[in-house]
Every structure is written in C-alpha cells, then in structure tokens.
Amino acid sequence: MFNSNNIPVTIQKVAGFSSLLGNRELYVLREDKIHPWISGNKFRKLKYNLLKAKQLQYSQLLSFGGAFSNHIAALAAVGKEMGFSTVGVIRGEELEGKVLENPTLSFAKRCGMKLHFVSREEYQNKETPLFIETLHQKFGTFYLLPEGGTNALAIKGCEEILSETTRDFQYICASVGTGGTLAGIINASLAHQKIVGFSALKGIFQKKEIEKYTLKTNFELYDDYCFGGYGKIDEDLIRFINNFKEITEIPLDPVYTGKMMFGILDFIKQEKLKENSRILAIHTGGLQGIAGMNEKLKKKQLPQIEL
C-alpha cells in the first residue's frame, strides 16, 4: 500500500456556516479517508519509514505511545497488513490490566502488537541509549520509530499532503502535536500560502521542532484552542464536534481536529482570516480515539461524542 501513489484526494466544502464565513470559502482535506486505520498524518508519517524498514530487511517495528495513541493504533494495523511484528511501549504500568477496557490498546493487541508497559518515570527516558538497549535485550532487533512518528522520513511523507489540488488556497490549517505534520506542510506550501497551526497541547514549544525541518517562515502557531492541554476536553467542545458533524457530515476527533476546527471558525469570527480567501483545513484522522474518549466522558457523566 505504501508503494502506491494513487492516494484518493477528497476535498470537501464546508456547508452550513455561510453567515459566518461571509465571502470566505472553507474546505476540509479528508486525509481521514485514506485508510480505515492507517489514515491521515499517521499514514503520511509511516510511509517512508516503512519503505526504509523493508529496504533494510527489518521484520519488527517498535515505537512508543499513550493509552489512546493514534500512532500506536496505526503502527499495529500496518504491522498486520504488511507482515511486520510490532511492539508498542506504553506509558503507564497501571494500563497493563486494563487492555480489554481500552479500545485503542485492545485493537493493537488484536492486530498482533506486543504491548510493553512502563512507568511514567521510565517512559521519560525512552530516547536514551540505555533504555533503547534494554528494549533490544528484551525484543531483539527492531526498526525504531519515535513517539508520534516524527523524524526526517515522516516529514518527507507529510510534504505529500499538499499537491496540485491544494495550490489555490490562501490559508492551510492543521492541528499540531509534535509538529512533524506541520513541518511537512510548510515545506510543501507555496509562496502565497499562510500555514496556521493549532496546538493540541498547552504552549507552542513545537515551533523549535518545526524549525529543525524547515527554513520557511510562512507559518504561525497558536495554543488558544487547546482547551487546557493535551487530551483535555469540555462540554463546549463536545457540543461543537457533534454540531459540526450534524451540519457538515464531517466527523472530528476531540484531541486534534475538533480543536483545530473550533479555532478556525473562531478566527473567522474575529476576522483573523481575510475576506475573499479560500481556507483549507487538513483532517489528520484520529477518529479511532473517539471510543476511548467516550469511555472517559461516561465516567465523568459528560455528554458523548457521536460516532
């Protein structure tokens, strides 16, 4: 699947917000439609890494993630589809006995991924040579992917998000986790395009990571719509996601794309995106995380996100 360049491009116009949009046009690049499990920016980040792993004749992939990691779910699915063994090093020892209750981890396990749980303290050392060596001793030889999948090959893959079909947009908007996806988009952007990143985490510390991979400066990064931090959500955001899906038939995830779209529409309200412009929002997938978030919301007696 990664050798094919015939990735379907679906650009969907956002209808139902005409009074807010005014003379602007808002579209969504539906990267979530690439593959049921290996979609969005995860597909893009994995593409060249997996081709490299095949070229170097690795049979096992290892990476890191949290309880509801899109990257872990995608890596497990890729392993099953392409014949790799996979290992997921998971943050939080307490999750070991709760795999069946966790939609992401139970999916990864069904795909054949070996789950290795470590304490939060140990997890902080995940990039150190000593920690990596202990993993080699336990699991043997593996192709190592960083948490979230961001490295130079991932950036190369994310550059392919933009194409001839996206050249007529003045604004390109994307959610930001590690910053790798945005770096690829910035590299592939044209001179007339402004790239707007909406951080899913508190702070815009990702700017330093982004600047490692691009020399372009046509981007801005905001954390005004992180809703308090990574994985945090409130009733306003839940209502927005459900309302947006009802109006547009476009599902959004609560960790990344929901926050991005909330930010885009608020920017338009504040006239921070110019009139008579064409705006493209990148849907980076992540919909697999909704089931897990709904479990958390149920425990807090909060409304559910509609699947």
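**Strands side by side**

Mentor: Start with strand 3 (residues 60-65), which pairs with strand 4 in the parallel sense over 6 bridges. Keep in mind that this is a predicted model.

Trainee: Okay. Which residue is the bridge partner of Ser63 in strand 4?
Mentor: Gly88 is the partner of Ser63. Gly88 also stands opposite Leu115 in strand 5.

Trainee: How do strand 4 and strand 5 pair, then?
Mentor: Strand 4 covers residues 85-91, and its pairing with strand 5 is parallel, over 5 bridges. To get from strand 4 to strand 5, the chain passes through helix 4 (residues 103-110). That β-α-β crossover is right-handed.

Trainee: What's the strand order in the sheet?
Mentor: The order is 5-4-3-6, with 4 strands in an open sheet and parallel pairing. Strand 5 and strand 6 (143-144) are the edge strands, each pairing on one side only.

Trainee: Let me zoom in on His116. Where is it?
Mentor: His116 is in strand 5. Its relative accessibility is 18%, under the 20% cut-off, so His116 counts as buried.

Trainee: What does His116 contact, leaving aside neighbours within four places in sequence?
Mentor: It is in contact with Gly88, Val89 and Ile90, and also with Leu135, Lys138 and Phe139.

Trainee: Back to helix 4. Which of its residues are buried?
Mentor: Thr104, Leu105, Ser106, Phe107 and Ala108 are buried there. Their cover includes helix 3 (70-82), strand 4 and strand 5.

Trainee: What caps the N-terminal end of helix 4?
Mentor: Asn102 does. One of its side-chain oxygens lies 3.0 Å from the backbone nitrogen of Thr104.

Trainee: And what comes just after helix 4?
Mentor: Gly112, with a positive phi of about 100 degrees.

Trainee: New topic. What about the sheet with mixed pairing?
Mentor: That open sheet has 6 strands, in the order 1-2-10-7-8-9. Strand 1 (11-13) and strand 9 (219-222) are at the edges with a single partner strand each, so one side of each has no neighbour in the sheet. On average, neighbouring strands of this sheet are turned by 25 degrees against each other, direction ignored.

Trainee: How many bridges join strand 2 to strand 10?
Mentor: There are 6 bridges between strand 2 (residues 25-30) and strand 10 (residues 278-283), and the two run parallel. Tyr27 stands opposite Leu280 in strand 10.

Trainee: What does helix 11 lie across?
Mentor: Helix 11 (residues 257-269) lies across strand 2, strand 7 (171-176), strand 8 (194-199), strand 9 and strand 10. Its angle to strand 10 is about 165 degrees.

Trainee: Zooming out, how many helices and strands does the protein chain have?
Mentor: The chain has 12 helices and 10 strands. Its radius of gyration is 19 Å, close to the 19 Å that the globule rule gives for 307 residues, so the chain is as compact as a globular protein of that length.

Trainee: What share of the residues is buried?
Mentor: Buried residues make up 55% of the 307. As for contacts between residues at least 6 apart in sequence, 73% join residues at least 24 apart.

Key
Residues are numbered from 1 along each chain as its sequence is written. This is a predicted model: local features need pLDDT of at least 70, side-chain atom pairs count only at pLDDT 80 or more; totals for chains, interfaces and linings use all residues. Side-chain values use heavy atoms; hydrogens and water are left out. Two strands pair if DSSP finds at least two bridges between them. A crossover is right-handed if, with the strands pointing away from the viewer, the path from the first strand over the helix to the second runs clockwise. Buried means under 20% relative accessible area, exposed over 50%, partly exposed in between (1.4 Å probe, protein chains only). Contact means heavy atoms within 4.5 Å. A polar contact is a pair of N or O atoms within 3.5 Å; within protein, one must be able to donate a hydrogen and the other to accept it, and residues adjacent in sequence count only if both atoms are side-chain atoms. The radius of gyration is taken over C-alpha atoms; the globule rule is 2.2 Å times the number of residues to the power 0.38. Axes are lines fitted to C-alpha atoms, for helices over the stretch in contact, and angles run from 0 to 180 degrees between N-to-C directions.
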